[in-house]
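Hi,

Here is the structure I promised to pass on. Please have a look at it, and then read on for what turned up.

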Amino acid sequence: FIRDRQVVWDRIIADEKVQKFIKKIDLLKRKGILGKTVKEFSIRSPSQLAVLLFDKRFYGFKPIEETPSGAPSTGSKVLKTLEVKEGCGFCKDILDYRGLDKTIGTYLEPFYELGKKNKGFIHGQFHLFVTATGRLASSRPNLQNIPNKSAGHVKRLITSRYPNGIIIGVDYSQLELRILAALSEDERMM
């Protein structure tokens, strides 16, 4: 049963992936982001990024949205708009940086540390009666919230602990309707 089993975190490949991401981030910082600015700034600081993007001394773009406090927004939507409408490669680099940084900080490093503590195994905890919908929930780590698009490569680092074992992803979408259709043998519902 899944809640009694562990998955293997491939430490060797994960370490290579983390190093590859760190190199990409470093390259983005040096050549892409910091190489395109005339002012040194902290990449993780939205307020410093806002100065670079919207101050007339630098890029001088017109602010698109504001934060609740009234400051110009530097969220993903704004950066994407500036990239597309203004042809701002700097904004694309910031978006790429944020994606890589999030993948490392949210998935690769924590999973790597968990695997290191447990001889390469990660044992997520699965809970059946935690959600209001009755769906299975996962924690420590949450193996269900790894996005397919931005961090799908993280999923490929998780393998079965058994030599010929497999890991499957299942979406229980409309499970009750499917069971009802099978039990009632209703052709239209199946």
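**How the helices pack**

Helices α2 and α3 (residues 76–86) pack at about 25°, their axes 13 Å apart. Axes here are lines fitted to C-alpha atoms, for helices over the stretch in contact, with angles from 0 to 180 degrees between N-to-C directions; helices are DSSP runs of H or I, at least four residues, numbered from the N terminus. The two are therefore roughly parallel to each other (angles under 35 degrees). L49, L53 and F54 of α2 and V78, L79 and L82 of α3 make the contact (heavy atoms within 4.5 Å).

A word on the source: this is a predicted model, with pLDDT of at least 70 needed for local features and 80 or more for side-chain atom pairs, while totals for chains, interfaces and linings use all residues. Residues are numbered from 1 along each chain as its sequence is written, and side-chain values use heavy atoms, leaving out hydrogens and water.

α2 (residues 46–54) also packs with α4, at an angle of about 160° and with the axes 12 Å apart. That makes this pair roughly antiparallel (over 145 degrees). On the α2 side are L49, L52 and L53, which meet F90, C91, I94 and R98 in α4.

As for α4 itself (residues 89–117), its 29 residues reach 41 Å from first C-alpha to last, close to the 42 Å expected at 1.5 Å a residue (1.5 Å times one less than the number of residues). After α4 comes K119, with a positive phi near 55°.

Best wishes

Methods. Parallel < 35°, antiparallel > 145°, perpendicular 65-115°, else oblique.
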